[in-house]
Amino acid sequence: MGKGGSLSDGVIKKILLSYTYVAIWIFLSFTVIVYNKYILDKKMYNWPFPISLTMIHMSFCATLAFLLIKVFKVVEPVSMSRELYLSSVVPIGALYSLSLWLSNSAYIYLSVSFIQMLKALMPVAVYSIGVLFKKEGFKTDTMANMLSISLGVAIAAYGEAKFDTWGVMLQLGAVAFEATRLVMIQILLTSKGITLNPITSLYYVAPCCFVFLLVPWIFVELPVLKETSSFHFDFVIFGTNSLCAFALNLAVFLLVGKTSALTMNVAGVVKDWLLIAFSWSVIKDTVTPINLFGYGLAFLGVAYYNHSKLQALKAKEAQKKAAQADEEGGRLLEERESEATDKKSESQN
């Protein structure tokens with residue numbers, strides 16, 4: 001095959017890899033969400049300590065990442081100055097800890113299906129924060145689309161059979177912190193010029209999360225845990241749950257690092273529909289027609305937003321290729337003019 005065929009093969013390989021990353025992330029995210037709901041829900045495993053659960057996840061991830069880097073030497077550690085660490089990694093760790101804490105807390109008060117409907121606000125939060133950090137340009141039509149997504153989520157919330165104000169506030173806070181984290185990850189991976197693979201990302205970020213969560217844990221959950229004398233740590237439950245969380249963290253960094261935050265949002269929509277169906281059919285959560293109508297409206301808004309972003313990326317790529325072609329053409333013209341000048345000089349001599 002010629003040059004065009006090779007290019008097509010490269011594009012196909014990239015698409016297949018992207019779909020593989022998406023499928024892995026959807027599966028692991030689905031598993032962790034259902035598993036966390038099982039552990040935290042008072043009607044299931046009945047261990048309503050979201051900070052403790054998140055800290056278990058982070059300590060497991062940090063330990064495993066340390067072993068893979070320092071002991072087994074699977075990957076090389078990244079050289080990072082203290083100033084760069086404090087300005088880049090620590091903020092992401094703080095945002096990640098808050099996002100996980102609040103999102104895990106929401107499972108105590110809300111159904112899995114309703115939480116996924118609220119997560120449809122993620123593109124709204126990502127776009128708004130992107131505009132704030134000047135990573136996105138403000139556009140009236142895009143903002144109108146964001147309002148349509150918000151309207152759909154509001155309708156879904158109106159139709160929720162087991163609406164809990166505190167649970168909704170927790171989930172909305174988690175969405176805000178997660179959206180900020182996604183934007184900051186792209187800034188960390190691109191603008192700062194730092195190359196972090198999934199293992200080194202956890203090596204630096206997970207300890208930050210643990211430290212940030214330690215303070216609220218001491219005041220909020222530790223006193224209650226001291227009074228709970230009947231609890232015995234189940235290594236099978238928390239071990240497998242932590243392993244799934246570790247794998248999900250790898251998948252998250254891999255998906256965002258190898259594709260984009262936009263791809264993660266598209267994958268998130270598919271995962272949310274699957275979780276809503278699972279929540280209704282298996283967990284037996286109540287899903288009303290108003291829920292589905294509102295989420296359907298939000299889904300259309302998210303789909304249109306993702307389509308617009310894809311078209312913009314294609315247009316940007318086309319402009320880049322055209323500029324490269326013009327540059328190459330100009331260079332060839334200069335070379336020919338130089339050769340002609342050299343020949344004329346030789347003939348005169």
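View 1. Tyr-204 counts as buried because its relative accessibility is 11% (buried means under 20% relative accessible area, exposed over 50%, partly exposed in between, with a 1.4 Å probe and protein chains only). This is a predicted model in which local features need pLDDT of at least 70 and side-chain atom pairs count only at pLDDT 80 or more, while totals for chains, interfaces and linings use all residues. Residues are numbered from 1 along each chain as its sequence is written, and side-chain values use heavy atoms, with hydrogens and water left out.

**View 2. Tyr-45 and Phe-238, an aromatic pair.** The structure holds 14 aromatic pairs (rings of Phe, Tyr and Trp, the last by its six-membered ring, with centres within 6.5 Å; planes under 30 degrees apart are stacked, over 60 edge-to-face, the rest tilted). Tyr-45 and Phe-238 are edge-to-face, at 6.1 Å centre to centre and 80 degrees between the planes. Tyr-45 lies in the loop between α1 (3–40) and α2, and Phe-238 in helix α10 (residues 235–258), so the pair ties together parts 193 residues apart in sequence (helices are DSSP runs of H or I, at least four residues, numbered from the N terminus). Tyr-45 is partly exposed at 23%, whereas Phe-238 is buried at 1%. Ring pairs link both into a cluster with Tyr-38, Trp-47, Phe-49, Phe-233 and Phe-235.

View 3. For Cys-61, the nearest cysteine sulfur, that of Cys-209, is 8.9 Å away. The sulfur of Cys-209 is 6.9 Å from that of Cys-208, its closest, which is too far for a bond. Cys-61 is buried, at 0% relative accessibility, and Cys-209 is buried at 0%.

Definitions and conventions: Disulfide = S-S within 2.5 Å. Helix = DSSP H or I, 4+ residues; strand = E, 2+ residues; numbered from the N terminus.
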